[in-house]
Amino acid sequence: MCIFISTVTDTLPLQLSDASGVPYYRQVQDQLAALIRSGALPAGAALPSVRRLAVELKVSVITTRRAYADLEAAGLVHSQQGRGTFVAEVKAGGDWAEGRVAELMTDAVRDARELGLEDDAIRAAFQSAMEDA
């Protein structure tokens, strides 16, 4: 089931899907990251509070807190005690890109292990992908 949700400002369209199998915090994180990287959310833009976003999305505060924490760890947002969470200045490449690639690779390795592949086979698959790209 897909649900279209927008915040009070109507400028933050987020779509959460029960059927995707992706945890809600990750869906929020990925969609906000895409909005930030595309420039739809410019540097300095204030994000809704953790509580407000949780209410708007009808999810737990823990879910939105986790999404914001992961975005902050990736360097895409920064929090100011008592003021809120704001979009960070994002440059092409940089730490967030390396962090995102590391996340994607970690997910891929985890998925490959769940499929029963051994580490040598996973390394060979990455090597092949590097050569093909």
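This is a predicted model: local features need pLDDT of at least 70, side-chain atom pairs count only at pLDDT 80 or more; totals for chains, interfaces and linings use all residues.
Reader: At roughly what angle do the axes of H1 and H3 cross?
Author: Helices (H or I, at least four residues) and strands (E, at least two) are DSSP runs numbered from the N terminus, and helix H1 covers residues 24–38. Axes are lines fitted to C-alpha atoms, for helices over the stretch in contact, with angles from 0 to 180 degrees between N-to-C directions. The axes of H1 and H3 come within 8 Å, and the angle at which they cross is roughly 45°.

Reader: Which residues of H3 make the contact with H1?
Author: Contact means heavy atoms within 4.5 Å, and on the H1 side Tyr 24, Tyr 25, Val 28, Gln 29, Leu 32 and Ala 33 take part. Their counterparts in H3 are Thr 63, Arg 66, Ala 67, Tyr 68, Asp 70 and Leu 71.

Reader: Which residues in H3 does H2 meet?
Author: H2 (residues 50–57) and H3 (residues 61–73) pack at an angle of about 120°, with their axes 8 Å apart, and H2 passes H3 in a right-handed crossing. From H2 come Val 50, Arg 51, Leu 53, Ala 54 and Leu 57. The residues that they meet in H3 are Val 61, Thr 64, Arg 65 and Tyr 68.

Reader: Which strands stand at the edges of the sheet?
Author: Two strands pair if DSSP finds at least two bridges between them, and in this open sheet three strands, paired antiparallel, follow the order E3-E5-E4. Each edge strand has a single partner strand, so one of its sides is left without a neighbour in the sheet, and these edge strands are E3 (46–47) and E4 (77–80).

Reader: Which residue in E5 stands opposite Ala 46?
Author: E3 and E5 pair in the antiparallel sense over two bridges, while E4 and E5, the latter at residues 84–87, pair in that sense over four bridges. In E5, Gly 84 stands opposite Gln 80, whereas the residue opposite Ala 46 is Phe 86.

Reader: About what angle does the direction of H3 make with that of E4?
Author: The two strands E4 and E5 form a hairpin with three residues between them, in which Gly 82 takes a positive phi near 80°. Opposite Gln 80 in this pair stands Gly 84 of E5. H3 packs on the sheet and touches E3, E4 and E5, and the angle between its direction and that of E4 is about 115°.

Note on methods. Residues are numbered from 1 along each chain as its sequence is written. Side-chain values use heavy atoms; hydrogens and water are left out. A crossing is left-handed if the near helix is turned anticlockwise from the far one by less than a right angle, and right-handed if clockwise.
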